[in-house]
Amino acid sequence: MTDYVFTAAGIRALDARLDAAGLLELAMEEAGRAVAAALLDLSAERPGPFALLAGGGANGGDALVAARHLHAAGRQVRVLAAPSPHPLTQRNRERLAAVGVAVEPLSAEAVATLGPVAAWADGLLGTGISGELRGELAAVVEALNARTCSGLEPVLAIDLPSGLLADRADAGPLSVRATHTLALSGYKPAHLFGPAAERCGTLTLARLAVPPAWAEAEARATRFTDAELGAWLPRREASAHKGTAGRVWVVGGSAGMEGAAALAGVGALRAGAGLVTLHSEAELPLPMPELMRTRHPSLGQWVQEEGQRPDAVALGMGLGPQAAALARQVLTWAVPTVLDADALQPELSGLGHVQCLWTPHPGEAARLLECSVAEVTADPLSAAEQVQRRYGGVVVLKGGPSVVAWAGGLSVARGGHPGMASAGMGDTLAGILAALLAAGMAPQQAAAAGVRLHARAGERAARRFGYGLSASDVAAELGGGWADLGGPAADPRVPCPTPAGGAELRRPELL
Ligand SMILES: NC(=O)C1=CN([C@@H]2O[C@H](COP(=O)(O)OP(=O)(O)OC[C@H]3O[C@@H](n4cnc5c(N)ncnc54)[C@H](O)[C@@H]3O)[C@@H](O)[C@H]2O)[C@@H](O)CC1
């Protein structure tokens, strides 16, 4: 099932649709029941009551519903709640009273002095927060963090740890430090990126019964499943030969940076390219003898005079200061092109064609947007979108997780491993993406599937090699990653799923 990423405004819009259809109360009931189930899973064997903290909004309402379900399951609950102007939250407070559960006033002192508990539920604030924590809630959060920092009492955040802004990756000075977070309806940027994600602990998703068309309409980004991405991967005809499997040119490498181009070549070969040639002015190493290399006295002259064209180009890895001028020339060829590393320069603004992928990391994205790295990492979705608008084509903003932006859409990748934060990883990815483009994939699909393929190979490499991963370790696992995603087999008798979304494929015979 496709999952979605919502901003706070998106959740407000979704809730407005639910409200108009008379379904909001049912959604709160569903959310509260899911919270109760998560708490029981988390602490079924732990002694003591569950302690539920309820703020004045709908996030607090979810906590009150959860308390009723836990009570019905025969568990002891302690409920500390703020006064609420929210009609559904008020109604659920009355329902709790009706089944004999007392609601105690919420205060920092009550949190600090409560006896041992099986687990805490943080229902103080969710997507409705504005600005930094104010008043008594700030003191309550400080008291909760102080008594749970030993890790003895788990804290389940309902939807979001209170104090985090749903749309931001940079956690503010004060927020609940949750051991677990149950995201409601869909993920929020704070669940997925940066220091905010670290405050969420273990993340799970409760998919509420929301009509898929509403979710899609209000979502900020998509998280494709492995099955969706695997179905897009190309398939070879039994009659394929190296000339039909995709010819990739890697243009890169310079003195001291020779390995970057070589790693891109390895990535392209391991992702299925039939013929991979490295073009450079430098003497490049050949990590695999299957790679071809051509050393040019002047890349500038070669690019201008070159009459033949490959199926895809990856340009920029270790290329040095001439990268932007070369990129400008190669973009006029109008062949699928991956622009990486030194080719990611502001002077190329507006020159990306529809078959062009830009693959910046946050530092390179900041250069392209002429802003600070902190601005990029605080809101990676907006940053990727802005690069796409300014430069055209499709953008892969690399990170943990990477974001793909195309005209009119965003997706956030799944998986990967922190060990992938090492030199050369992006070079390999550029080669992978070029191979997928050369095999005829549409750029948006090549970007989303290629990033996931790389991440999946990284997960496998981490199991094999441990924490510190090299780009070569990851490249060696690409075949396994491909199989994990359920990519179509080479045998054409195995039926190949049609890619969703109806994107045009340049060379359908290879899919
Ligand atoms: N579609 C969904 O995902 C659904 C979400 N629900 C819940 O609804 C929540 C959003 O509810 P609301 O929009 O009522 O908002 P919240 O419950 O997150 O917060 C609103 C309350 O917080 C106060 N507040 C805002 N900023 C503050 C600050 N900085 N310091 C102190 N107090 C502050 C406001 O005065 C208001 O009382 C979600 O997070 C989720 O828990 C469910 O109840 C129903 C369905």
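This is a predicted model: local features need pLDDT of at least 70, side-chain atom pairs count only at pLDDT 80 or more; totals for chains, interfaces and linings use all residues.

User: Where does UniProt put the "binding site" feature?

Analyst: The unreviewed UniProt entry places it at N59, D122 and S162. They are spread over 104 residues of sequence, yet they cluster in space, with a largest C-alpha distance of 9.6 Å.

User: Take N59. Which helix is it in, and is it buried or exposed?

Analyst: N59 is in helix α3, residues 58-72. It counts as buried because it has 28 C-beta neighbours inside 10 Å, and the cut-off for buried is 20 or more.

User: What does N59 touch, leaving out residues up to four places away in sequence?

Analyst: N59 touches G123, L124, L125, G126, G128, I158 and D159.

User: And D122, where is that?

Analyst: D122 is in strand β5, residues 119-123. It is buried too, with 32 other C-beta atoms within 10 Å. Leaving out residues up to four places away in sequence, its contacts include V155, L156, A157 and I158, and also S162. S162 is itself one of the "binding site" positions in the UniProt record.

User: Now the ligand. Which residues come nearest?

Analyst: Of the 31 residues around the ligand, G57, A58, N59, G126 and G128 come nearest. N59 also touches G126 and G128.

User: Which helix gives the largest share of that shell?

Analyst: Helix α3 does, with five residues. Helices α1 (8-20), α2 (24-43) and α3 each supply at least two residues.

User: How does the shell split by class?

Analyst: There are 13 nonpolar, 13 polar and five charged residues in the shell around the ligand.

User: Switching to α6. How far apart are its end C-alpha atoms?

Analyst: They are 21 Å apart. Helix α6 has 14 residues, 135-148, and at 1.5 Å a residue it should span 20 Å, so the two values agree.

User: Which residues of α6 are buried?

Analyst: L137, V140, V141, L144 and T148 are the buried residues of α6. They cover an arc of only 100 degrees around the axis, which means they sit on the same side of α6.

User: Why would residues spaced like that point the same way?

Analyst: An α-helix has 3.6 residues a turn, so residues three or four places apart point the same way.

User: What do the buried residues of α6 pack against?

Analyst: They pack against β2 (50-54), α5 (108-113), β5 and β6 (155-158). Strand β5 is where D122 is placed. On the other side of α6, G135 and A146 are exposed.

User: What about the domain record, which residues does it cover?

Analyst: The unreviewed UniProt entry places "domain: YjeF N-terminal" at residues 11-216. The end C-alpha atoms of that span lie 12 Å apart, and it is 44% helix and 16% strand.

User: Backbone next. Which peptide bond is cis?

Analyst: The one from G400 to P401 is cis, with omega near 5 degrees. P401 is in the loop between β16 (392-397) and β17 (403-406).

User: What is phi at A341 and at E370?

Analyst: Phi of A341 is near 50 degrees, a positive value in a residue other than glycine. E370 is not a glycine either, and its phi is positive at about 55 degrees.

Definitions and conventions. Residues are numbered from 1 along each chain as its sequence is written. UniProt positions are given in the numbering used here, feature names are shortened, and annotations may be inferred rather than shown by experiment. Helices (H or I, at least four residues) and strands (E, at least two) are DSSP runs, numbered from the N terminus. A residue is buried if 20 or more other C-beta atoms lie within 10 Å of its own, exposed if 12 or fewer, and partly exposed in between; C-beta atoms are placed from the backbone. Two residues are in contact if their C-beta atoms, placed from the backbone, lie within 7 Å. The expected span of a helix is 1.5 Å times one less than its number of residues. The arc is that of the directions from the helix axis to the C-beta atoms. A residue is near a molecule or strand if its C-beta atom, placed from the backbone, lies within 6 Å of it. Ala, Val, Leu, Ile, Met, Phe, Trp, Tyr, Cys and Pro count as nonpolar, Asp, Glu, Lys and Arg as charged, and the others, Gly among them, as polar.
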